[in-house]
Amino acid sequence: MKYLIAEDEKELQQSIATYLSHEANVCETASDYHEASEKLELYEYDIVILDINLVTGSGLDLLKKLKKQQKKCGVIIISANSSLDNKLEGLDLGADDYITKPFHLAELNSRIKAVLRRGQFGGDNTINFQEIKLDTMARSAYVNGKAITLTRKEYDLLLFFITNQGRVLSKAIIAEHLWGDDSDLLDNFDFIYVHINNLRKKLTKEGAKYIQTAYGSGYKFIAD
Amino acid sequence: MQNISKRPTEVVINSSQIKNSNPNKTKLLRKASKTFLITSIVIMILSGIALYIYTRYLLQNEIEEELYSNKDRVERLLKNNPDLVGIPPIMMAEKTEISEENVLIDTLIFDPLQDEVELFRQLSGTRNINGQEYKITVRAMVIESEDILSAIVLTFLSIIFLAFIFLFYLNKSRNEKLWQPFFVNLERLKSFTLKSDKPLDLNDSDIVEFDELNKQMLALTSKVQADYRNLKQFTEDVSHEMQTPLAIMQAKIETLFDQQNINEKQYEQLSSLQFDIQRLKQLNNRLILLAKIDNNQFTADENISINETLKQSIDNFTEITQTRIALNGKDEITAIMDKALASILFNNLLTNAIKHNFGNQPISVVIEKNHVQVINAGTDGLSNPEYIFDRFYKESKKPDSTGLGLSIVKKICDFYGFLPSYRFHESSKKHIFQIEFDT
């Protein structure tokens, strides 16, 4: 996959690029409006990560341009402003998703995967990981073809694990993915144990032991 | 974590909350009228008394003068006519042996003409005329002069009374007109709110002092307004400016996680950093939320069911807490408000109850009549319950609270005119937070 990261904060831009460069992805970066505009005209990307507040112009203007050229790429908007108006404007202009700073890179990654799934594979809504199969339309999970019953949160958790396979996920990251703004409500993440343990039990019962503990209190989904 | 007590963070802007130094307040116009009335009554009484005394003195003088001159006349008549008797009872002369000094007295004499006893002023004395002592007595009716006296005083009093009444009403209407711009501007000042962007609009006045007052008020309010706006803007700007550095920190921690060369201890420290960033982010979000409510950015008001919203909030909590929450909906409440704000309101109340719950007792939520109560167990009542809804006020020593949750509750309640309150139920050791919705 080819990504363009249009973000004027160099540090953030580099972190995103490093994080996403796994899995044989190519990440290109643009630090201002003109650079981003130029690159978008010259090259094709699968995903564009667009900061709304670029120093020399608005990311929303770039988005308008992009849609005018009818390029087939997914667009995820990043903004420091959590106001709903901004969000709606971005989505109205044709952005595929919207994420507010500060965000977790694993969260960004899972949003990118979701956009790619919707955009590229059309009718194919299945995700496979070893013997696990997820149907993202029906929101159901199968191990070796056998359906397993998961709660809403367990399904979301499994999907999040698979899209971020091989990466270390801390409880803060998982909590925010599963509960969004509501994860602020309680300040300790112990409640996550319950959900992860339940999911782990259900998978292990079917022989799929992929949820591993990393560094004592983090989690990693990985094939041995 | 410091306990910021003795510090009301919100400026008192409600005039009813300002302490009254003197509870006996009189209206300006009434006070002016009262002063006028008292002064005029005093003047009326004093001048009436003075007029009475002076006129009486004059009239008495007049009578006495007349008595003396009448006596004189009788004496002269006696010189030519020694047998003169006079006209009783007004003038009388009789021969006598004893000589007397002139004496002035009041005396009562029966007047056969009017068939009643009348008061007379009498002058009597002896006089030697042609070698014979005569006692001469002259009298004058006092009634006449008393009548004149009361007529004069009464006329005076009624004229001055009428004049005062006329002046009183003239003065009153004049005062009303004179102070009119003052009262109009006072009303405008009362309805002035800091939160509105509109400057204070005062009526012009041709009175120098009122004009000066207006100018001072305008200068003061626009300064306060500007300061308030700047403060609000500052909070918002800081909150927004913090997002990007926080994003960078968060991203860097994750890229570190991703590298294989960190050990368990480093991971612990990094994830604890992640937790702190989370707290900053939470603080930020809440400050932005407060600013948004201030800026009237929640306009999607609809008629929502409080019971339904509470039920959803409680359902969400069952996924993230072990604490049991019991909902007891005795009555149905609906309110016109923004749906997002309604969930924020209840989420904050429930979060507060869960965080400060004592033991593993269940939290109970009661919907009754027009109020919602969130009740959690505690050990003691709060030491400063009056600050509980203030920004950054923390009663507990728990390090993980932002001190903003309940002030958000208050802000939302203020925005919609609901009434939040707190009390501690001693016998059952329960903290009770209550929101009263309008009926």
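Predicted model: local features only at pLDDT ≥ 70, side-chain atom pairs only at ≥ 80, totals over all residues.
Two strands count as paired here if DSSP finds at least two bridges between them. Strand β13 (residues 211-214) of chain A and β14(A) run antiparallel and share four bridges. Together β13(A) and β14(A) make a hairpin with three residues between them. In that turn, Y215(A) has a positive phi of about 50°. β14(A), residues 218-221, also pairs with strand β12 (residues 168-169) of chain A, again antiparallel, this time over two bridges. There, V168(A) sits opposite K220(A) in β14(A).

Now zoom out to the chain as a whole. Chain A holds eight helices and 14 strands. Of its 224 residues, 40% count as buried. If you take contacts in chain A between residues at least 6 apart in sequence, 56% of them join residues at least 24 apart.

Which strand of chain A is largely enclosed by the rest of the structure? The burial applies to both faces. G74(A), I76(A) and I78(A) point one way from β6(A), V75(A), I77(A) and S79(A) point the other way, and all are buried. β6(A) has parallel partners too. Strand β3 (residues 47-51) of chain A pairs with β6(A) in the parallel sense over five bridges, with I49(A) opposite I76(A). Strand β7 (residues 97-100) of chain A is also parallel to β6(A), over four bridges, and here S79(A) faces T100(A). As background, strands of a sheet pair through backbone hydrogen bonds, either parallel or antiparallel.

Leaving aside neighbours within four places in sequence, I49(A) is in contact with Y3(A), I5(A), A6(A), E7(A), I16(A), I76(A) and I78(A). I49(A) also belongs to the largest nonpolar core, which has 104 residues. Within that core, A6(A), I16(A), I49(A), L50(A) and V374(B) touch the most other members, and that list takes in residues of chain A and of chain B. The element that gives the most to this core is α6(B), with eight residues. Domain 1 (2-121) and domain 2 (126-221) of chain A both contribute residues as well, so the core lies between them. Apart from it there is another core, of nine residues, including L67(B), V74(B), A93(B) and Y134(B).

That brings us to where the chains meet. The contact draws 33 residues from chain B and 32 residues from chain A. On the chain B side, α3 (208-258), α4 (264-294), α5 (306-320) and α6 (339-355) each supply at least two residues. The largest share, 13 residues, comes from α3(B). By type, the chain B residues touching chain A split into 11 nonpolar, 14 polar and eight charged.

Over in chain B, there is an open sheet of five strands. Its order is β7-β9-β10-β12-β11, and the pairing is mixed. The edges are β7 (325-329) and β11 (419-425), each of which pairs on one side only. From one strand to the next, the twist averages 15°. At one end of the order, β11(B) and β12 (residues 430-436) of chain B run antiparallel, joined by seven bridges. In that pair, S421(B) has Q434(B) of β12(B) as its bridge partner. A helix packs on this sheet: α5(B) touches β7, β9 (363-368) and β10 of chain B, and its direction makes about 170° with that of β7(B).

One last stop is G378(B), in the loop between β10 (371-377) and α7 (405-416) of chain B. Is this glycine buried or exposed? G378(B) is buried, because 21 other C-beta atoms lie within 10 Å and the cut-off for buried is 20 or more. Leaving aside neighbours within four places in sequence, G378(B) is in contact with H356(B), F358(B), F424(B), K429(B), K430(B) and H431(B). Take H356(B) from that list: G378(B) and H356(B) are 22 residues apart in sequence and 7.4 Å apart in space, C-alpha to C-alpha.

How values were computed:
Residues numbered from 1 in each chain as written. Chains lettered and ligands numbered in written order. Contact = placed C-beta atoms within 7 Å. Nonpolar A, V, L, I, M, F, W, Y, C, P; charged D, E, K, R; others polar. Buried ≥ 20, exposed ≤ 12 C-beta atoms within 10 Å, placed from the backbone. Core = buried A, V, L, I, M, F, W, Y, C linked by C-beta atoms within 7 Å. Domains from an automatic or database assignment. Axes fitted to C-alpha atoms, helices over the stretch in contact; angles between N-to-C directions.
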